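Subject: Handing over the structure

Hi there,

Here is the structure I promised you. Please open it beside this email, and then read on for what turned up in it.

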Amino acid sequence: MPRIDSSALCSAHWPCAVPIPFRVRAGPAGGTRRIARGRVTLQRGGGRFPPRPSRGRAMAGLVNLEDEEEVKGYLENLGIEYSYQCYKEGDPDGCHRLADYLEGVKKDFHAAAKVLKENCEKNENSESCYKLGAYYATGKGGLSQDLKAAYNCFLKSCEKGGKKSINACHNVGLLAHDGQVNDDKPDPVLARDYYTKACDGSFAPSCFNLSAIYLQGAPGIPKDMNLALKYSLKACDMGHVWACANASRMYKLGDGIDKNDAKAEALKNRAKDLHKEQQEASKALTFGE
């Protein structure tokens, strides 16, 4: 099992991918075929900013974005508002908005980390725990890089529930699968359990990872091609290109499932279409930059 490149979390607010190759037994006895080179995403903090002020306060009025002074004043008022919500009203959501403000507007990652840490540990705010986990994973905001601390933050966010809990469950699964948080001993059973939580919440990368686990089998998890196909198809339905490719290959080979050339071709075309869409989207983003 490869190590997680936690530095992949460092770029902007987009989730980055960590390649994890999977080799699968298929075809004639003793033969080995590569089905797809998986890419697993360790989700980081991010999201909409600036977040909406709570309870529709007065500052939510129209702002002339072409007026630099007006925008500056608006952002300063946001900071005051979120500080008041956090420290005077004791609102955990307000504290998380303050952390987002410190990170997104002030670019003060040390101050943001401090707010996130207190809001996670004291108030058990799920979103703050999730983002704090990303900070620990990358050593951001003056925190020492600590994957075990990151794991605990993601675990708390996953179990607590919230807007980012599904992403957090995926990260728990990924870190357990990698083994770095357990003295380099991968725990595929624990990984499977948390991937399942995230997959049940319609998180495609977790469904794909479940499929990969069942394709190979692992200690405590027997190989099961029917489950592998089930989770590949579910991830494919959610737009995961490698899942479509894997499902197509499984139908083509008929290894442990009924061979079906028509379904194999349809899924192969679906994978091609998704890949083309992703390439076009990437080109559009590059042009926009």
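Is Cys129 buried or exposed? Cys129 counts as buried, because its relative accessibility is 0%. Here buried means under 20% relative accessible area, exposed means over 50%, and partly exposed lies in between, using a 1.4 Å probe and protein chains only.

Before more details, a few words on the model. This is a predicted model, in which local features need pLDDT of at least 70 and side-chain atom pairs count only at pLDDT 80 or more, while totals for chains, interfaces and linings use all residues. Residues are numbered from 1 along each chain as its sequence is written, and side-chain values use heavy atoms, with hydrogens and water left out.

The pLDDT is the predictor's confidence in each residue, from 0 to 100. The protein chain has an average pLDDT of 82, and 77% of the residues score at least 70. Over residues 1–60, however, the pLDDT is below 50. Beyond near neighbours in sequence, that stretch has 144 contacts in the model, a contact being heavy atoms within 4.5 Å.

Now to the cysteines. A disulfide is a covalent bond between the sulfur atoms of two cysteines; here a pair of cysteine sulfur atoms within 2.5 Å counts as one. The structure holds five disulfides. Counting bonded cysteines along the chain, they follow the pattern 1-2, 3-4, 5-6, 7-8, 9-10. Three of these links are described below.

- Cys129 is joined to Cys120, with 2.2 Å from S to S. The torsion about this S-S bond is about 100°, so the disulfide is right-handed. Cys120 is buried, with a relative accessible area of 2%.
- Cys158 and Cys169 form a disulfide with their sulfur atoms 1.9 Å apart. Cys158 lies in helix α5 (residues 147–160) and Cys169 in helix α6 (residues 165–178), so the pair ties together parts that are eleven residues apart in sequence. With 90° about the S-S bond, this link is right-handed. Cys158 is buried at 9% relative accessible area, and Cys169 is buried at 4%.
- Cys236 and Cys244 form a disulfide as well, their sulfur atoms 2.1 Å apart. This link is right-handed, with 100° about the S-S bond. Cys236 counts as buried at 3% relative accessibility, and Cys244 is buried at 0%.

Cys153 counts as buried, at 7% relative accessibility.

Cys236 also belongs to helix α9. Helices (H or I, at least four residues) and strands (E, at least two) are DSSP runs, numbered from the N terminus. Helix α9 covers residues 225–237, which is 13 residues. From first C-alpha to last it reaches 18 Å, close to the 18 Å expected at 1.5 Å a residue; the expected span is 1.5 Å times one less than the number of residues. Buried residues in α9 include Met225, Ala228, Leu229 and Cys236. Asp224 caps the N-terminal end of α9, with a side-chain oxygen 3.1 Å from the backbone nitrogen of Asn226. Just after α9, Gly239 takes a positive phi of about 95°.

Best wishes

Methods. Polar contact = N/O pair within 3.5 Å; in protein donor to acceptor, adjacent residues only side chain to side chain.
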